[in-house]
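Please look over the model below before reading on. The report then walks through its fold, its symmetry and its ring contacts.

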Protein chains: 2
Amino acid sequence: MRSRESKGDILDTIVNLPKTKRGQKTLNKILKAAEELFYEKGYHSTSIIDITNKSNIALGTFYIYFKDKFNLYKYLLLIYSHEIRKAVAEKITESDSRYDKEKIGLYAFLNYMRVNKHVYNILWESLYIDKNIFVDYYESFSLRYIEGLRKSQQTGEVSEVDLTVLSYVLMGISNFIGLKYVMFENAEDVDFEAVVDSVMDILENGMFNK
Amino acid sequence: MRSRESKGDILDTIVNLPKTKRGQKTLNKILKAAEELFYEKGYHSTSIIDITNKSNIALGTFYIYFKDKFNLYKYLLLIYSHEIRKAVAEKITESDSRYDKEKIGLYAFLNYMRVNKHVYNILWESLYIDKNIFVDYYESFSLRYIEGLRKSQQTGEVSEVDLTVLSYVLMGISNFIGLKYVMFENAEDVDFEAVVDSVMDILENGMFNK
């Protein structure tokens, strides 16, 4: 339980979570408005007043939930990180092999990004808001990735490579494949299965003829 | 010669290149000041006056070279893209095999980033300045990568994977390995050769035990 408790502590410092359904609805309105504004105008050009105006709530209501804009932003990133992990985890529970986990995981990640295109922009902007957020985001993603990869290494499925390097290799691949086929291309025209198959071929056999 | 000519045309629209050594020196001062300011304060918070003040030149002198801040920014990115390609190309000319090209190329890229840490920030900020710049940067990098990969595919060194996917896989890997071992870690403490070896192992054999 320790990690859940300490996670709760972090959460408590950035958001005051509502106890009623009505409060949750208000918080959701704030989040949705902030998300749209951060995506359209960027973090720095968005004020708390912009957010309360767009979500049609009183300025004081904002401060029931958040101390400031920075904490709202950090909470949004926590949500994204949680959503991405959930989108991937839900799909890979049935798969036992690491190969399937990677394949289905990449496919789930691309699908999440396809319907949440703003996430790249909002997440990567953290590099210009507070570099530590950007570092923390990928470092904690990497640590969880390594946990899973280590299990697969212990069962002999994953070869004896450095798992920190491997986790960044895999995150780099998903992110840049996502950039290309979700952000640069019209995602509707892309055969995601063919793209995922090509990536898996590289992850399985490497890029060289032998 | 066609590609060089059309490249010259693009260059002409964003910068008025000096014809004298003295002019080149002035332009370099502007570029250096802009680079430092964009890195420290970001593009939007940096004004042309900040740049001319820092480089100790008259405001009017700026306009001899650039129409506006946006063109200066685009020129900086062109320089980075050129420098990175040059840093890699210089090192890989002697290597005939695709394996060595990738290995030495990744090592050269990491070394370039190690001494030019600001490049990540300035380049990725383009996503928030003008998305097209960000897209163009990686798309043109990808196209050149594909050219080289296609040759190696024709000689049978590279397997029959989709080369667009492969180019983004390779760019994603270099970029995220660079993030981790240049931006997140203290690069001086990192054994780059060991990192590159791990990546090459994955590129050669894939990530799975067989």
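The report starts with conventions and moves from whole chain to single residues.

This is a predicted model, in which local features need pLDDT of at least 70, side-chain atom pairs count only at pLDDT 80 or more, and totals for chains, interfaces and linings use all residues. Residues are numbered from 1 along each chain as its sequence is written, chains are lettered from A and ligands numbered from 1 in written order, and side-chain values use heavy atoms, with hydrogens and water left out.

**Chain A overall**

Chain A has 11 helices and zero strands. Helices (H or I, at least four residues) and strands (E, at least two) are DSSP runs, numbered from the N terminus. The C-alpha trace of chain A spans about 65 × 45 × 30 Å along its principal axes. Of its 210 residues, 51% count as buried. Buried means under 20% relative accessible area, exposed means over 50%, and partly exposed lies in between (1.4 Å probe, protein chains only). Among contacts in chain A with a separation of 6 or more, 66% come from residues 24 or more positions apart. A contact means heavy atoms within 4.5 Å.

Chain A divides into domain 1 (2–14 + 69–205) and domain 2 (17–65). These bounds come from an automatic or database domain assignment. The domain centres, taken over C-alpha atoms, are separated by 26 Å. In chain A, 16 residues of domain 1 are in contact with 16 residues of domain 2.

**Helix α2 of chain A**

Helix α2 (residues 21–41) of chain A has 21 residues and should span 30 Å at 1.5 Å a residue. The expected span is 1.5 Å times one less than the number of residues. The end C-alpha atoms of α2(A) are 30 Å apart, which agrees. Its buried residues include L27(A), I30(A), L31(A) and F38(A). E35(A) is also one of the buried residues. The cover over the buried residues of α2(A) includes α3 (48–55), α4 (59–65), α5 (69–92) and α7 (118–124) of chain A. After α2(A) comes G42(A), with a positive phi near 90 degrees.

**How the chains relate**

A rotation of 180 degrees, with 0.0 Å of shift along its axis, superposes chain A on chain B (RMSD 0.0 Å). That is the relation of a two-fold axis. The superposition is by least squares on the C-alpha atoms of residues with pLDDT of at least 70 in both copies. The copies meet through the same surface, because 100% of the interface residues of chain A are also interface residues in chain B.

**Rings**

The whole structure holds 33 aromatic pairs over all chains. Rings of Phe, Tyr and Trp (its six-membered ring) pair if their centres lie within 6.5 Å; planes under 30 degrees apart count as stacked, over 60 as edge-to-face and the rest as tilted. Two pairs are shown here.

| Pair | Centre to centre | Plane angle | Type |
|---|---|---|---|
| Y137(A) and F141(A) | 5.8 Å | 45 degrees | tilted |
| Y137(B) and Y138(B) | 5.1 Å | 80 degrees | edge-to-face |

Y137(A) and F141(A) are four residues apart in helix α9 (residues 131–154) of chain A, so about one helical turn separates them. Both are buried. Y137(B) and Y138(B) are both buried too.

Charges also sit over rings. K69(A) lies over the face of Y43(A), 4.2 Å from the ring centre. R114(B) lies over the face of F192(B), at 3.9 Å. The test is NZ of Lys or CZ of Arg within 6 Å of the ring centre and within 35 degrees of the ring normal.
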